[in-house]
Amino acid sequence: MNKFKLTLAILSIIAGVVGFYYLRDSAMVVRVLLLLLGIILGITIAWFTDQGKQFYAFSRESIEETKKVIWPGRKETMQTAGVVFAFVIAMAAFLWLVDTGLMAIIRFVMDQEG
């Protein structure tokens, strides 16, 4: 029964999308409402499957875990951003030096052959 419900949910969403494009000569409001109806119907059907219930439970648990996280303060965020910025600058300079060196080597080799 779950596979049937999931198939029906996917077909509802597809029907909404197809209806949106099929009714291209209709008013945009009608097209968007049809699309939203297909999506909402598909989500509602999927909600009553085992996978939908598991996803809902996972989402609730994820929100609870997010509330437990100790987020960094302003000072720590600024320090971390500073370190990342300094690393990006250093890496850019390093890659520029490597690129310039390789280009000089290629120019030297090309001039030697000519």
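This report covers helix packing, charged side chains and a nonpolar surface patch in a predicted model.

Local features need pLDDT of at least 70 and side-chain atom pairs count only at pLDDT 80 or more, while totals for chains, interfaces and linings use all residues. Residues are numbered from 1 along each chain as its sequence is written, and side-chain values use heavy atoms, with hydrogens and water left out.

Helices here are DSSP runs (H or I, at least four residues), numbered from the N terminus. Helix H1 spans residues 2-22 and holds Ser12. Ala9 is placed in helix H1 too.

Ser12 is buried, at a relative accessible area of 10%. Ala9 is buried as well, at 4% relative accessibility. Buried means under 20% relative accessible area, exposed means over 50%, and partly exposed lies in between (1.4 Å probe, protein chains only). The areas come from the Shrake-Rupley method, and for residues only the protein chains shown count as cover.

What does Ser12 touch, beyond its neighbours within four places in sequence? Ser12 is in contact with Gly38, Leu41, Gly42 and Ile45. Contact means heavy atoms within 4.5 Å. Ile45 lies 33 residues from Ser12 along the chain, yet their C-alpha atoms are separated by 8.9 Å. With neighbours within four places again left aside, Ala9 is in contact with Gly42, Ile45 and Ala46. Between Ala9 and Gly38, 29 residues apart in sequence, the C-alpha separation is 8.7 Å.

**Arg31, a buried charge**

Arg31 sits in helix H2, residues 28-47. Arg31 is buried and has no salt bridge. Which side chain of opposite charge is nearest to Arg31, and how far away? It is Asp25, at 7.8 Å. In this count Lys and Arg are positive, Asp and Glu negative, and His and the chain ends are not counted.

A polar atom of the Arg31 side chain lies 2.7 Å from the backbone oxygen of Phe20. Phe20 is also among the residues that Arg31 touches, along with Tyr21, Leu23, Arg24 and Ser26, not counting residues up to four places away in sequence.

Side chains of opposite charge can pair when their charged atoms come close. The structure holds two salt bridges. The cut-off is a side-chain nitrogen of Lys or Arg within 4 Å of a carboxyl oxygen of Asp or Glu.

| Salt bridge | N to O distance | Relative accessibility |
|---|---|---|
| Lys67 and Glu64 | 3.8 Å | Lys67 61%, Glu64 44% |
| Glu65 and Lys68 | 3.3 Å | Glu65 48%, Lys68 59% |

Lys67 and Glu64 are three residues apart in helix H3 (residues 50-68), so about one helical turn separates them. Glu65 and Lys68 are also three residues apart in helix H3, so about one helical turn lies between them. Lys67 counts as exposed, whereas Glu64 is partly exposed. Lys68 is exposed, whereas Glu65 is partly exposed.

Helix H4 runs over residues 74-113 and includes Leu102. Leu102 is partly exposed, at 48% relative accessibility. Leu102 is one of the residues in a nonpolar surface patch of about 1000 Å². Patch residues have over 30% relative accessible area and no salt bridge; like charges are joined within 9 Å, and nonpolar side chains (Val, Leu, Ile, Met, Phe, Trp, Tyr) within 5 Å.

Thr100 is also placed in helix H4. Thr100 is partly exposed, at 37%. A polar atom of its side chain lies 2.8 Å from the backbone oxygen of Trp96. Val69 is 31 residues from Thr100 in sequence, and the two are 45 Å apart in space, C-alpha to C-alpha.

How values were computed: Accessible areas come from the Shrake-Rupley method with a 1.4 Å probe; for residues, only the protein chains shown count as cover. Helices (H or I, at least four residues) and strands (E, at least two) are DSSP runs, numbered from the N terminus. A polar contact is a pair of N or O atoms within 3.5 Å; within protein, one must be able to donate a hydrogen and the other to accept it, and residues adjacent in sequence count only if both atoms are side-chain atoms.
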